[in-house]
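Me: I'd like to learn how to read a protein structure, one feature at a time. Could you show me the general idea and then the case here?

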Amino acid sequence: MNSYRDIIDSPIITEKSATLEPNGTYVFKVNVKANKTQIKQAIEKIFNVKVAKITTTLSHPKKKRVGRYTGMTKLYKKAYVTLKEGSTISFD
């Protein structure tokens, strides 16, 4: 991972993540090999905010089927980033 942009893939914008935003928690899809320290540094540099806490989860592949063809969804890692008081992120 050469840069901070390689660690953070994209924000996850769903109904659940929208309910977490007023509490200062944002959800991102991150590189599977990234650890919490690398994620914290990347968020702080890219968005210019202070991070209070990070929780990560792995989303394991699930079987999917389209007609007679079967396959698997991709493995990815989610990071729940809680910001310090007074910090916000805008995705506009």
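Reply: Let's start with Thr73: a polar atom of its side chain lies 2.9 Å from the backbone nitrogen of Lys62. A polar contact is a pair of N or O atoms within 3.5 Å; within protein, one must be able to donate a hydrogen and the other to accept it, and residues adjacent in sequence count only if both atoms are side-chain atoms. This is a predicted model, in which local features need pLDDT of at least 70, side-chain atom pairs count only at pLDDT 80 or more, and totals for chains, interfaces and linings use all residues. Residues are numbered from 1 along each chain as its sequence is written, and side-chain values use heavy atoms, leaving out hydrogens and water.

Me: Where does Thr73 lie?

Reply: Helices (H or I, at least four residues) and strands (E, at least two) are DSSP runs, numbered from the N terminus. Thr73 is in the loop between strand S5 (69-72) and S6.

Me: Which residues does Thr73 touch, not counting those up to four places away in sequence?

Reply: Contact means heavy atoms within 4.5 Å. By that rule, Thr73 touches His60, Pro61, Lys62 and Lys64.

Me: Is Lys77 buried or exposed?

Reply: Buried means under 20% relative accessible area, exposed over 50%, and partly exposed in between (1.4 Å probe, protein chains only). Lys77, in strand S6 (residues 76-83), is buried. Thr73, by comparison, is partly exposed, because its relative accessible area is 30%.

Me: What is the nearest side chain of opposite charge to Lys77?

Reply: Lys and Arg count as positive and Asp and Glu as negative; His and the chain ends are not counted. For Lys77 that nearest side chain is Asp9, 11 Å away, and Lys77 has no salt bridge (a side-chain nitrogen of Lys or Arg within 4 Å of a carboxyl oxygen of Asp or Glu). A polar atom of the Lys77 side chain does lie 2.7 Å from the backbone oxygen of Ala34. Beyond four places in sequence, the contacts of Lys77 include Phe28, Val30 and Leu58.
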